[in-house]
Amino acid sequence: MALLSGSVVYCVLVVIAAARYLHSGARRPASFPPVSVLRPLAGAEDNTEANLRSLFEQRYPDFEILLSVHDESDPAAAIAHRVMAAYPHIPSRLIVAGVSPFPNAKVWSLRALLPEARHETIVMTDSDIRIEPDGFGIILAELVQPNVALVTCPYRATGGPRVWSMVEALGLNTEFLGGMLTARMLGGMDFAIGCTIATRRANLAAIGGLENLQRYLAEDFMMGSLTHQHGKTVVLSRCIIEHHIGNDGFLKNWKHRLRWARSTRRSRRIGYLGELFTKTTALAIALWIAAPGAWGFAVLALMFRAGAQWATAIWVLNDPLVSRYWWLLPLEDVASFVTWVLGFFGKTIVWRGRKLVLAKDGSFEM
């Protein structure tokens, strides 16, 4: 009963945090800095080309786009050349980064791109991200505010037709976003999510550069955490990007969930324990089993949970997936709880075909 009561309070906080986020934002500045956009590519997923074109179609006055592949034979290279040829007025280049000797191949690619960038202001964005034409304008208006060193973008996850892909997308658009908004409201942004990040070369250098992030699985989280530790402000952008999470089946999806659960437990230990209060559905079921006479409070708690989910997915994200597949949310809640419990056990993960051991600080044991 006590745990579920705490979870109800958390649901209320999510709704308040969503409202505060919707009333945030920065005014458009008189001028914008020139920007270098860094996007590592790997493989040719269904949405790779459309996602890439969204960068070239930005309504922003001055930017260049730098792309990377690990090998010229990568199918993504052909897509990159085709898209670059379609937008000859946008300065762009494709760089072959080579095979990464480190587990975090994304940071290896970013390290290859950064020296080629002409501008001080940097936007790093993943290949599975699609951004609206005014996205850069929103992000950079936030970055030029006083003392702001990093802007990180929330996203609306889009799953594939498989059930577990849709279920994961539902969780990202409800529970994950709710936790992020609440953390922002209560303690400020002391972390980042890496799908799209804007910063400056000087800010990267201040936290040890990309080289210092190479050894982490959650390099995006650490980038925001280290920036915050250096006394600089991290902003959660009002630019909501679209994140295409793929179409994984059950086994691959669960391995992915467990990998990030184990990483999160090491990156944010106290916060990971506190995630228990985000598991309203599991706690309501447990109370119902332990004390059948308390079924009324359990149902009430589920109603608060539904309200928090509505605030994030519909109010903030305008997510059509939740509107259509809301009946899958209880399955996602149970899956999330099971993954959270399993995250307390073990320190090994399988990532890109390699078995890795996570140290206590979330880095790889090399």
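This talk goes through the sheets, the helix packing and the nonpolar cores of one predicted model.

Some ground rules to begin with. Residues are numbered from 1 along each chain as its sequence is written, and side-chain values use heavy atoms, with hydrogens and water left out. Since the model is predicted, local features need pLDDT of at least 70 and side-chain atom pairs count only at pLDDT 80 or more, while totals for chains, interfaces and linings use all residues. Helices (H or I, at least four residues) and strands (E, at least two) are DSSP runs, numbered from the N terminus.

I start with the sheets. Two strands count as paired if DSSP finds at least two bridges between them. V151 has A198 in strand 8 as its bridge partner. Touching, or contact, means heavy atoms within 4.5 Å.

How do strand 7 and strand 10 (residues 241–244) pair? They pair in the parallel sense, over 4 bridges. The bridge partner of A157 in strand 10 is H243, and that of T158 is H244. Strand 5 pairs with strand 10 in the antiparallel sense over 2 bridges, and I129 stands opposite H243.

Which way do the side chains of strand 10 point? I241 and H243 go one way, E242 and H244 go the other, and all are buried. Buried means under 20% relative accessible area, exposed over 50%, and partly exposed in between (1.4 Å probe, protein chains only). In a regular strand the side chains alternate between the two faces of the sheet.

Now the helices. Helix 1 (residues 2–22) packs against helix 6 (residues 163–187) at about 75 degrees, with the axes 8 Å apart. The two are therefore roughly perpendicular. Angles under 35 degrees count as roughly parallel, over 145 as roughly antiparallel, 65 to 115 as roughly perpendicular and the rest as oblique. Residues in this contact include Y10, L13 and V14 of helix 1 and E175, G178 and G179 of helix 6. By class, the contact has 10 nonpolar, 3 polar and 3 charged residues. Ala, Val, Leu, Ile, Met, Phe, Trp, Tyr, Cys and Pro count as nonpolar, Asp, Glu, Lys and Arg as charged, and the others, Gly among them, as polar.

The axes of helix 12 (residues 280–290) and helix 13 (295–316) come within 9 Å and cross at roughly 175 degrees. That makes the pair roughly antiparallel. In the contact, T280, T281, A284, L287 and W288 of helix 12 meet residues of helix 13 including W295, F297 and R305. The buried residues of helix 12 are T280, T281, A282, L283, A284 and L287. Their cover includes helix 1, helix 13 and helix 15 (329–342).

Last, the cores. A nonpolar core is a set of buried Ala, Val, Leu, Ile, Met, Phe, Trp, Tyr and Cys residues joined through side-chain atoms within 4.5 Å. The largest has 93 residues, and L38 and F56 have the most contacts inside it. Helix 6 gives the most to this core, with 10 residues. A second, separate core of 12 residues includes A284, L287, A298 and A301. Leaving aside neighbours within four places in sequence, F56 is in contact with F63, I65, V83, M84, Y87, I90 and S92.

One more residue: A80, in helix 3 (residues 75–86). A80 is buried, at a relative accessible area of 0%. Not counting residues up to four places away in sequence, A80 touches L41, L52, L67 and L94.

Definitions and conventions. Axes fitted to C-alpha atoms, helices over the stretch in contact; angles between N-to-C directions.
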